[in-house]
Amino acid sequence: MKSNFIQRAITGIIFVGVLVGCILGGPISFSLLFALITALTIHEFGTIVSKQQDVEINKPICMLAGVFLFFGFAYLGVMPGQNEVLIPYLFLIIYLLVSELYLKKKNPLNNWAYTMMSQVYIALSFSMLNVLAYHSIGSESHYNIQYNPILPLSIFIFTWINDTGAYCTGMLFGKHRLFERISPKKSWEGSIGGGIFSIIAAIIMAHFFPFMTLGVWIGLALTTVVFGTWGDLTESLLKRTLGIKDSGNILPGHGGMLDRFDSTLMAVPAAVVYLYVISFC
């Protein structure tokens with residue numbers, strides 16, 4: 001028990017250190033890290049879904065497509081409007097669909113479904129980090145693109161604080177199950193506690209990074225909490241359906257990539273939508 005705790009702690013510290021360091025390190029380290037994470041997560045997803053009978057997706061091409069989509073959004077962040085950069089990605093998607101005509105697999109419909117899920121659920125979600133990271137500064141006639149690591153990093157900060165706060169609050173006060181059918185250990189009390197801790201974090205973020213108002217920061221924190229919780233439950237439902245406990249073992253003591261980024265996969269797109277809605281209000 002003690003050795004497992006130490007293993008989890010060491011892995012967690014390294015994981016957080018690498019993530020924070022690469023995000024703050026600049027656009028190159030940010031892009032390389034999350035392109036790698038995208039590829040590893042899609043590979044893991046392909047491995048676990050292939051445990052079902054008659055399911056076999058093309059993991060190498062799915063990984064290539066996911067990485068290309070991430071770099072495509074990164075390029076669009078630096079060079080807005082250059083949408084032709086995504087054309088090769090469309091060719092890869094067409095290949096993944098058309099190739100099933102010739103592979104003669106038993107259930108091509110399942111292969112198509114999981115292939116598209118790998119792109120929408122994983123690749124597109126990670127790609128949305130670029131939308132948070134790059135911002136145009138200036139007028140329409142003359143603007144500069146600026147890399148802002150704080151917004152993508154804040155999603156992870158709110159997620160980590162929410163998870164920690166929910167765990168501690170749930171252990172102390174948890175009585176009413178949040179979604180017992182999918183995750184028996186989660187409680188309403190824990191979720192509320194995690195949300196309160198995230199709001200406190202948002203207040204601190206607003207103080208040190210006033211490029212957004214306090215209200216917008218709190219809204220971003222609550223958006224991350226709500227959709228991050230749904231993301232966690234979604235991955236739990238996926239694992240229950242597949243009959244597995246962890247999505248992988250790449251992170252000792254913490255499971256797989258999907259286990260670590262399940263909340264992020266839904267929180268990031270929701271954060272993008274929230275910030276776009278706020279900008280038009």
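Biologist: What radius of gyration would a compact globule with 281 residues have, and what value does the chain have? Please then turn to the loops.

Modeller: This is a predicted model, in which local features need pLDDT of at least 70 and side-chain atom pairs count only at pLDDT 80 or more, while totals for chains, interfaces and linings use all residues. Residues are numbered from 1 along each chain as its sequence is written, and side-chain values use heavy atoms, with hydrogens and water left out.

To your question: a compact globule with 281 residues would have a radius of gyration near 19 Å, and the chain agrees with this because its own value is 20 Å. The radius is taken over C-alpha atoms, and the globule rule is 2.2 Å times the number of residues to the power 0.38. Along the principal axes, the C-alpha atoms fill a box of roughly 60 × 55 × 35 Å.

The chain has 10 helices and 4 strands (DSSP runs, H or I of at least four residues for helices and E of at least two for strands, numbered from the N terminus). Their order along the sequence is α-α-α-α-α-α-β-β-α-β-β-α-α-α.

Of the 281 residues, 47% are buried (under 20% relative accessible area, with exposed meaning over 50% and partly exposed in between, for a 1.4 Å probe and protein chains only). The largest nonpolar core has 69 residues, and L19, F34, F126, W217 and L220 have the most contacts inside it. Such a core is a set of buried Ala, Val, Leu, Ile, Met, Phe, Trp, Tyr and Cys residues joined through side-chain atoms within 4.5 Å. Leaving aside neighbours within four places in sequence, W217 is in contact (heavy atoms within 4.5 Å) with residues including I150, F158, M205 and F211. T115, in helix α6 (residues 108-133), is also buried, with a relative accessible area of 3%. Beyond its neighbours within four places in sequence, T115 is in contact with I57, C62 and L96. Among contacts between residues at least 6 apart in sequence, 67% join residues at least 24 apart.

Now for the loops. Between α2 (27-49) and α3 (59-78) lies D54, which is partly exposed at a relative accessible area of 33%. Its phi is near 65°, a positive value in a residue other than glycine. Most residues other than glycine have a negative phi. K104 also has a positive phi, of about 60°, although it is not a glycine. K104 sits in the loop between α5 (100-103) and α6, and it is exposed, with a relative accessible area of 76%.

Further along, K175 occupies the loop between α7 (150-173) and β3 (177-179) and is exposed at 70% relative accessible area. Not counting residues up to four places away in sequence, K175 touches S187 and E189. From K175 to G193 the separation is 18 residues in sequence and 13 Å in space, C-alpha to C-alpha.

The loop between α9 (214-242) and α10 (257-280) holds G243, which counts as exposed at 63% relative accessibility. G243 and K51 are 192 residues apart in sequence, yet their C-alpha atoms are 9.5 Å apart in space.
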